[in-house]
Amino acid sequence: MMYSCSEVTETKRVLLAHTLPISHPVHKGMEVFAEEAERISGGKLSVKIFPDGQLGSEREVLELLQIGSISMTKVSAAAMSNFAPKYKVLGIPYIFRDHEHLFNVLEGPVGKELLQAGSEFLLQGLCFYDAGSRSFYTKEKPIVEPDDLNGMKIRVMNDQMSVSMVNALGGSATPMSYGELYTALQQGVVDGAENNPPSFVTSRHYEICKYYSLDEHSSLPDVLVIGTKFWNTLSPQQQEWLQQAADASVVAQKKFWKDNVDECMVILEDAGVEIIRPDKSKFAEKASIVKERFANDPEMTSLIERIEQQK
């Protein structure tokens with residue numbers, strides 16, 4: 001089939017890089033995003049996904065977005081907080097009452113404000129994806145009470161909120177790249193880590209850590225981000241198509257996430273991992289010092305209040 005030059009140039013290529021494996025439910029959400037973008041635009045938008053950290057770590061890819069080398073990425077809200085400080089509020093331990101409250105916030109005025117907050121740093125958010133709740137998994141002993149963390153080295157993301165939270169609970173927070181963690185657990189460099197069930201399973205960390213304590217201390221979402229340099233090359237129509245595709249992918253991704261968590265819990269139990277369901281209120285009480293540290297920051301205090309008032 002022959003195309004004229006003008007017809008060929010009508011298709012806009014969108015390069016989307018991220019660090020997750022293709023089996024991950026968040027990657028599957030991005031596949032829906034790509035399919036929807038192509039469908040809604042009648043083929044005028046083409047999204048190519050580079051998974052598995054092919055083009056770099058979360059931070060490296062965000063920097064590539066800022067200079068316009070890559071169009072889009074998916075990162076943790078923790079990674080975004082290193083660029084756009086307002087995102088820090090999402091990492092405060094136990095700020096969300098439950099899963100429903102989390103998405104009422106993310107899809108309400110506060111969520112929209114946060115997605116826009118990255119724009120001045122050349123990183124505009126399109127939507128939030130469900131990344132579940134993070135909980136502790138350990139190698140030698142279970143975490144039943146916060147005191148069980150005393151003296152334990154726990155791997156955390158390179159994010160001040162995560163460090164503060166583990167230290168407040170009595171552990172020794174050890175920032176480390178995710179790629180190094182399997183070996184670090186094997187060799188006893190760290191005693192445990194914290195993450196959601198799909199990440200615990202896809203990383204195969206459950207082969208080493210046989211205790212999973214569902215304290216659910218944080219519910220950091222993932223963020224689908226587009227570089228503003230690339231965004232500004234799009235027509236208003238193309239921008240609208242991408243936003244519609246993002247919104248449609250959120251609905252699909254939530255279902256992928258829920259189904260995957262259910263599957264992962266079965267895999268963990270079959271692998272002999274002991275699942276502990278501790279009294280979360282004890283952890284929440286001890287971790288409350290992290291939120292109190294923002295008492296002198298009017299912007300953060302306002303965001304915290306608005307999140308807590310959200311139905």
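For the classes used here, Ala, Val, Leu, Ile, Met, Phe, Trp, Tyr, Cys and Pro count as nonpolar, Asp, Glu, Lys and Arg as charged, and the others, Gly among them, as polar. The model is predicted, with local features requiring pLDDT of at least 70 and side-chain atom pairs pLDDT 80 or more, while totals for chains, interfaces and linings use all residues. Residues are numbered from 1 along each chain as its sequence is written, and side-chain values use heavy atoms, with hydrogens and water left out.

We can start with the open spaces. A pocket is an open set of points on a 1 Å grid over the protein atoms alone, with protein on both sides within 12 Å along at least five of seven lines; a cavity is a set where a 1.4 Å probe fits but cannot get out, and lining residues have an atom within 4 Å of a point. Points are joined across faces, edges and corners, and a volume is the space filled by probe spheres set on them. The largest pocket has a volume of about 970 Å³. Its lining comprises 36 residues, with Thr 19, Glu 58, Arg 155, Met 157 and Tyr 178 the closest to the centre. By class, this lining divides into twelve nonpolar, 17 polar and seven charged residues. Helix H3 gives the largest share, three residues (helices, H or I, at least four residues, and strands, E, at least two, are DSSP runs numbered from the N terminus).

The second largest pocket has a volume of about 540 Å³. Among its 26 lining residues, His 99, Gly 132, Ser 133, Glu 216 and Ser 219 lie nearest the centre, and H11 supplies the largest share, six residues. Glu 216 belongs to strand S9 and, although not a glycine, has a positive phi near 50°. With a relative accessible area of 32%, Glu 216 is partly exposed (between buried, under 20%, and exposed, over 50%; 1.4 Å probe, protein chains only).

Helix H7 (residues 160–168) contributes three residues, the largest share of the lining.

Turning to the interior, a nonpolar core is a set of buried Ala, Val, Leu, Ile, Met, Phe, Trp, Tyr and Cys residues joined through side-chain atoms within 4.5 Å. The largest such core has 47 residues, and Phe 33, Leu 224 and Leu 268 have the most contacts inside it. Helix H11 (residues 236–270) provides ten residues, the largest share of this core.
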